[in-house]
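Dear colleague,

Please find below the structure for your records, with its sequence. My notes on what was found in it follow directly after.

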Amino acid sequence: MSTKKAYKNPPSPKLLEKIGATNLTLADAIAEVVANSFDASVDSEKTVVDVTVQSDQILVIDNGIGMPESVLVEAVKLGVDMSDVVAKKASTKGKFGLGMKTACASMGRWWAVYTRPLGEQNEYRVVFDLAEWEKRADSPDAWTIYIEELAPDLSGPLGDRPHGTAVIVKKLRTKDPMAGAVIKKLGESFKPHLEQGDVILINGNKAKPYVYTFVPGTKVPIDIQFGPSNQYRIKGWVAIDRQTHNDGQYGFNIYRYGQLVQTWHQGWFRAHLMTSRIIGEVEMDFIDATFFKLGLQDSEVWRMAQAEMKEFMKPITRASSNLSKKGNINVPAKRNEIVGEMRNSLGLPTSAMEAGTE
């Protein structure tokens, strides 16, 4: 005969401290918070995200829809899929309910969220102090949070914004946070958003999309549909850089719903100095990213996409290698011959010689 007993099984409050001990860089963590700002965008407005990087605090403030109290309660819980709480757009970047909390904990040991919901008169605030959480005893009540409802504070982090959310992080783990790395990361990570007019400011400076330089005539569009009823689509472009790269910064930047989820992917051709001229960007909204949108989860559809791209890349890979041989890239007649062969293989007109920037 056996007996069964039920026990409450909440995690230790020390978990918040432990999840902060991740390998996220400061720039990666800020990008995670900024991704939430784009998820909360107001359809009729361009999104503006104001990031401040100081020696003693990090601020990320947006003009999104904000969160009513009932939504904020769920948003600060670990592991809550917010699509179960609010109606989310198909383009939503967050999925696992871990990003913002882990990002804040990795940046510092104290953080607060201020939010002013669209259409409401008040704002809400919740504070997490890991020093206080560490002192809490393990119990079902250990994860209690306190949300304040306040009249809009025009001198507070949200200023006179009619709606939006501010995340403030203090007691930073990084002793000397550098804004330059953050500017580069955000310009790279949210290039599609910036190109459509959304704005990210870092200490008052605009993040800008990365500018590529490539061999004229080598930029070609990518528009591949595959799978049952062609339900999956890969869109973007690829080109051949004017120089080889021994810094690893070549291959593809892969975006999912406007956010960079994989940097310099080189799995669709043989990575070698001769092919290190290949650069490109693709949107693959059908794939699943990892918790921190810093990689891709293996799946059947990902393997299918890999096969499609490997086949598509054969003429480009061959052209990159041939341009790198014997200084061919510096001989106009030979360069044009190689580029022409590549374009013929792809079914593109050879007369189209584009400017060499993107």
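I begin with strand 2, where six of the six residues are buried, so this strand is largely enclosed by the rest of the structure. Here buried means under 20% relative accessible area, with exposed over 50% and partly exposed in between, using a 1.4 Å probe and protein chains only. Helices (H or I, at least four residues) and strands (E, at least two) are DSSP runs, numbered from the N terminus.

Please note that this is a predicted model, in which local features need pLDDT of at least 70 and side-chain atom pairs count only at pLDDT 80 or more, while totals for chains, interfaces and linings use all residues. Residues are numbered from 1 along each chain as its sequence is written, and side-chain values use heavy atoms, with hydrogens and water left out.

Strand 2 and its neighbours

Strand 2 is covered on both faces: Gln57, Leu59 and Ile61 are buried on one side, and Ile58, Val60 and Asp62 on the other. Strand 2 (residues 57-62) is joined to strand 1 by five bridges, and the two run antiparallel; strands count as paired if DSSP finds at least two bridges between them. The two strands form a hairpin with three residues between them. Within this pairing, isoleucine 61 of strand 2 is the bridge partner of aspartate 50, and valine 60 of strand 2 is that of valine 51. Valine 60 also stands opposite valine 167 in strand 6. Strand 6 (residues 164-172) runs antiparallel to strand 2, with five bridges joining them.

Strand 1 (residues 48-53) has a covered face made of Val49, Val51 and Val53, and an uncovered one made of Val48, Asp50 and Thr52. Strand 1 also pairs with strand 7 (residues 199-202), in the parallel sense and over four bridges. In that pairing aspartate 50 stands opposite leucine 201 of strand 7.

Strand 3 (residues 108-116) and strand 4 (residues 123-129) run antiparallel and are joined by six bridges. Tryptophan 111 stands opposite phenylalanine 128 in strand 4. The hairpin of strand 3 and strand 4 has six residues between the strands, and there glycine 119 takes a positive phi near 85 degrees. Strand 4 is joined in turn to strand 5 (residues 147-150) by four bridges, again antiparallel. Glutamate 123 stands opposite leucine 150 in strand 5.

Five strands form an open sheet of mixed pairing, in the order 9-10-13-11-12. Strand 9 (220-226) and strand 12 (259-265) stand at the edges with a single partner strand each, so one side of each is left without a neighbour in the sheet. From one strand to the next the twist averages 20 degrees. Within the sheet, strand 10 (residues 232-240) and strand 13 (residues 278-283) pair in the antiparallel sense over six bridges, and valine 238 stands opposite glycine 280 in strand 13.

Helix 6 (residues 179-189) packs on the sheet, touching strand 11 (251-256) and strand 12, and its direction makes about 100 degrees with that of strand 12. Contact means heavy atoms within 4.5 Å. Axes are lines fitted to C-alpha atoms, for helices over the stretch in contact, and angles run from 0 to 180 degrees between N-to-C directions. Helix 8 (residues 300-312) lies across strand 9, strand 10, strand 11 and strand 12, running at about 140 degrees to strand 9.

Helix 2 and helix 4

Two packed helices are described by the angle between their axes and the distance between the axes. For helix 2 (residues 26-39) and helix 4 (residues 99-107), the angle is about 145 degrees and the axes are 9 Å apart. The contact is made by Leu26, Ala29, Ile30, Glu32, Val33 and Asn36 of helix 2 and by Gly99, Met100, Ala103, Ser106 and Met107 of helix 4. Of the residues in this contact, seven are nonpolar, three polar and one charged; Ala, Val, Leu, Ile, Met, Phe, Trp, Tyr, Cys and Pro count as nonpolar, Asp, Glu, Lys and Arg as charged, and the others, Gly among them, as polar.

The chain as a whole

The secondary structure of the chain comes to ten helices and 13 strands. Of its 358 residues, 47% count as buried.
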